[in-house]
2 protein chains.
Amino acid sequence: MNKQQRPPQAIRPQGPRLMDLKVESRLKNIKHKIIVMSGKGGVGKSFFASNLSMAIASLNKSVGLLDVDFHGPSAPRMLGISGTRLFGTENGIEPAIGPFGIKVVSIDFIVPDDSSPIVWRGAIKHNAIRQFLADVNWGELDYLVIDMPPGTGDEPLSIVQLINKIDGALIITIPSNVSASIVKRSIRFAKEMSIPVIGLVENMSYFHCPDSGKSYFIFGKDSTEKLAKEMGVDLVGKIPLDPRIAESNDIGEPFFFKYPDTEASRSFTKIAEKVVNFIEKEKS
Amino acid sequence: MNKQQRPPQAIRPQGPRLMDLKVESRLKNIKHKIIVMSGKGGVGKSFFASNLSMAIASLNKSVGLLDVDFHGPSAPRMLGISGTRLFGTENGIEPAIGPFGIKVVSIDFIVPDDSSPIVWRGAIKHNAIRQFLADVNWGELDYLVIDMPPGTGDEPLSIVQLINKIDGALIITIPSNVSASIVKRSIRFAKEMSIPVIGLVENMSYFHCPDSGKSYFIFGKDSTEKLAKEMGVDLVGKIPLDPRIAESNDIGEPFFFKYPDTEASRSFTKIAEKVVNFIEKEKS
């Protein structure tokens, strides 16, 4: 076949197409992929994603955590592996290893300095995400937990489009109507992208005062139940406020690992069991 | 002058350039423009921006609030004017009127349904922001408070570029190191954009238990002080946790207006005074 006979469209798409085949080939040994979303930031999405990863791993599953929250990649800190630098072998980029043997890749590992601003235009972000998916040597995994950027904008959209098949979405919220109205958008987003919604998780549910013995609903009460019913999704679990959570996250110690015998950790185990049941029932 | 003699570059930029002149002309009767930023969402940025607007207005200043937080435009709810629809006259779009006579424009007013997903690509968002600035009839204002989208990505960048001259930035954080490391990016962002940093505000500082009488530092302690020192910026104020804040925001009643005699509202007044001092000292 000479040059002129070759159809031009066979050449053009090679660059990006080659990449997408690489993404496909990299992700094919991962049995289940779930995304952790929030309508907005600051509801504890990264705390939830990292502690859920540990809780699933503690059920004897092999787990990976992909942190693509460009607005503040904090999952590594919450797993006690902040500051890790990734290295490459001939098989690709090797993920960091966290508690319970979790394989972790985070945007935090490639941002040089903690305080450098991430003013990255859309296309650069998209390429960074693509590279994470195409070049990381995840190996065989039962679960890949993806800590998404907050919201339902360009970045979550890009990620969902790149990964192609996602097995379930968890949506993190806090008990307040203001948050609830925003969370509805995430549910719609998942449905429009044909991602099964595993359910809602209510973080910061209440503060159990150790001195008065009472529970205080600092961010409100009952609204997540109402929201779940209204949207026809499950309320998978509630995680209470606990000063030890902030403390662990701050000093960079994994909460679920350090404080297994707390109300919050017991709640994580229950949620992990529900997630596994949902996903593996769905597939069988 | 015939067609061929006219330089082509005189024609091309008319579309966008005309718009920018409109933005300039619309904003020229606004004395001071300040942005409310957060490194990430969910730290109470919109709560802060709306209550700060009321607090500044209560100092006998004319105030506008521009809510361009695409990830969850919740300021109107916190001012008790959610569900307002904007109307246009021959002078442009008229802002809604909130407590203390605040003029309010929010992305919430043009999104049709509370639960519709805002999967807007960058260019559409940019145009929406431009229209807000070019077509809203703000009139004369002492202060325009701008409730920014969280983070330091494309959207804050677009907004800052469009508004051109911003007189000060407030950065909202919560007392946790995880949050602090992200806040540093906002400080750098403001400095790179030549916006004077008024300072940090610590939201959700502590919970004063009404039964035990003790204060609980649920999200951590002292880290904002350290951060402010380290970054060479002021800690402008602290706002405590209070179940009445969530309650007011949820039912759509303006907290500062409804509960003036609380620790949190007194803190807002002090912060408003500091902001006014900073800005008006700067200008004189």
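These are my notes on a few places I looked up in a predicted model.

**Chain A overall**

I started with the secondary structure of chain A, which comes to 10 helices and 11 strands. I then looked up burial and found that 52% of its 284 residues count as buried. For contacts in chain A with a separation of 6 or more, I noted that 79% join residues 24 or more positions apart.

**Helix α2 of chain A**

I checked the length of helix α2 (residues 45-57) of chain A. At 1.5 Å a residue, its 13 residues should span 18 Å, and the end C-alpha atoms are 18 Å apart, so the two values agree.

**Two positive phi values**

I looked up Phe100(A), which is not a glycine but has a positive phi, near 60°. I found Phe100(A) in the loop between β5 (96-97) and β6 (103-106) of chain A. Is Phe100(A) buried or exposed? I counted 20 other C-beta atoms within 10 Å of Phe100(A), and buried means 20 or more, so this residue is buried.

Next I turned to chain B, where Asn60(B) has a positive phi of about 65° and is not a glycine either. Asn60(B) sits in the loop between α2 (45-57) and β2 (63-67) of chain B. Here I counted 8 other C-beta atoms within 10 Å, and exposed means 12 or fewer, so Asn60(B) is exposed.

**Strand β2 of chain B**

I followed the chain on to β2(B).

Which strands does β2(B) pair with? I found 5 bridges to strand β7 (residues 141-147) of chain B, in the parallel sense. I also found 4 bridges to strand β6 (residues 103-106) of chain B, again parallel. Asp67(B) takes part in both pairings: its bridge partner in β7(B) is Asp147(B), and it stands opposite Ser106(B) in β6(B).

**Pro156 of chain B**

My last entry is Pro156(B), in helix α5 (residues 154-163) of chain B. Pro156(B) is buried because 23 other C-beta atoms lie within 10 Å. Leaving out residues up to four places away in sequence, I listed its contacts as Met37(B), Met148(B), Pro149(B) and Gly151(B). I also noted Arg185(B), which is 29 residues from Pro156(B) in sequence and 12 Å away in space, C-alpha to C-alpha.

Note on methods
Residues numbered from 1 in each chain as written. Chains lettered and ligands numbered in written order. Predicted model: local features only at pLDDT ≥ 70, side-chain atom pairs only at ≥ 80, totals over all residues. Contact = placed C-beta atoms within 7 Å. Expected span 1.5 Å × (residues − 1). Pairing = 2+ DSSP bridges.
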